[in-house]
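Dear colleague,

Please find the structure below, together with its sequence. I would be grateful if you would read the notes that follow with both in view.

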Amino acid sequence: MKRLGLALALVVAALGTAQAQSYPNRPIRLFIPFAAGGAVDTIGRALGQKLTEQLGQPVIVENRAGAGGNLAPDALAKSAPDGYSILLTTNGLAISPSLYKTLPFDVHKDFIPVTQVVQSQLVLAASTKFEAKNAAEFIALAKAKPGSLNYGSTGVGNPLQLTMEMLKSRTGIEVLAVPYRGDAPLNAALIAGEVQVAVIPMASSVPFISAGTLKGLAVFGAKRAPALADVPTIGETIPGFESGSWLGLFVPAGTPRDIINRLNAIWAKAAATPEMREKMANTGSEISATTPEQFAAMIRTEVPQWRKVITEAKLKID
């Protein structure tokens with residue numbers, strides 16, 4: 001029996017190696033959990049272009065928006081572990097286990113982290129019609145008029161909404177959420193003055209703030225962002241407060257290690273080029289290229305951190 005087991009293991013390993021050596025020989029799907037036109041989609045398409053160039057097969061972006069960003073991970077979890085389905089998502093994946101009572105996938109068991117792609121700052125942006133010029137003025141107005149101000153939200157439990165919940169909890173303000181299906185419709189509503197403020201990715205905010213169609217009240221990083229050097233950090237108003245987001249690449253559990261290594265190496269090579277670094281810097285994102293092990297360790301650390309935030313904010317979704 002031991003010999004039979006060893007023989008079967010060798011056969012499986014040989015099949016995996018053969019599969020990896022012939023990879024890829026058809027188009028690859030890149031799942032993105034948000035609508036087209038937003039920050040994640042923009043970075044995803046830049047990533048997809050690099051993968052296409054290096055793999056010699058088209059990488060087709062599939063936007064699976066909805067369900068708090070969980071439709072795309074669910075699609076990946078149900079996909080064959082052959083390298084032809086990959087996922088680019090945010091740290092919302094580390095948030096979901098604590099936010100939802102049930103999920104159709106297991107964050108730790110159904111996915112293999114390939115690499116962190118970028119680390120992104122978040123921005124507290126405001127309509128130019130809104131009277132507040134900075135975070136301190138926004139907080140003062142919210143305290144003076146409890147429940148009368150609103151903010152745009154692209155989903156319950158994502159890093160953007162949780163950052164606003166953290167801000168509300170820290171300052172004692174009450175601001176009403178207005179839901180939108182993605183960055184693009186939210187930004188349009190913010191520009192039009194339909195909502196007063198929103199926490200949005202820096203990649204989305206930089207063009208509008210630079211053009212004067214939105215106001216930057218604060219960035220949520222520990223230091224000012226070069227792309228928005230005139231916008232103060234939230235820590236300049238609330239010492240010690242910061243929040244951020246990341247994007248990372250994942251494949252289904254069981255994907256051959258050779259394929260994981262190849263995808264990781266492609267992004268590492270792209271991330272080292274001046275062209276890609278400049279492209280990511282222009283979106284306000286700090287480029288990253290971790291090993292699968294480093295990325296997996298970071299996720300294991302973040303899950304309990306977000307659980308604490310969600311518990312304190314008393315958030316839970318059935």
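This is a predicted model: local features need pLDDT of at least 70, side-chain atom pairs count only at pLDDT 80 or more; totals for chains, interfaces and linings use all residues.

Residues are numbered from 1 along each chain as its sequence is written, and side-chain values use heavy atoms, with hydrogens and water left out.

Helices (H or I, at least four residues) and strands (E, at least two) are DSSP runs, numbered from the N terminus. Two packed helices are described by the angle between their axes and the distance between the axes. Axes are lines fitted to C-alpha atoms, for helices over the stretch in contact, and angles run from 0 to 180 degrees between N-to-C directions.

Helix 2 (residues 39-55) packs against helix 10 (residues 274-282) at an angle of about 170 degrees, and their axes are 11 Å apart. The two helices are therefore roughly antiparallel (over 145 degrees). On helix 2, the contact (heavy atoms within 4.5 Å) involves Ile 43, Ala 46, Gln 49 and Lys 50; on helix 10, it involves Glu 275, Met 276, Lys 279 and Met 280.

Helix 2 also packs against helix 9 (residues 257-271), at about 115 degrees with axes 10 Å apart. Helix 2 and helix 9 are therefore roughly perpendicular (65 to 115 degrees). Helix 2 contributes Leu 47, Lys 50, Leu 51, Gln 54 and Leu 55 to this contact, and helix 9 contributes Arg 262, Leu 263, Ile 266, Trp 267, Lys 269 and Ala 270.

Most peptide bonds are trans. Tyr 23 and Pro 24, however, are joined by a cis peptide bond, with omega about -5 degrees. Pro 24 is placed in the loop between helix 1 (2-22) and strand 1 (28-32).

Ser 153 belongs to strand 5. With a relative accessibility of 8%, Ser 153 counts as buried (under 20% relative accessible area, with a 1.4 Å probe and protein chains only). Not counting residues up to four places away in sequence, Ser 153 touches residues including Gln 161, Val 178 and Leu 186.

Thr 154 sits in the loop between strand 5 (150-153) and helix 6 (159-171), and at 15% relative accessibility Thr 154 is also buried.

Yours sincerely

Methods
Angles under 35 degrees count as roughly parallel, over 145 as roughly antiparallel, 65 to 115 as roughly perpendicular and the rest as oblique. Buried means under 20% relative accessible area, exposed over 50%, partly exposed in between (1.4 Å probe, protein chains only).
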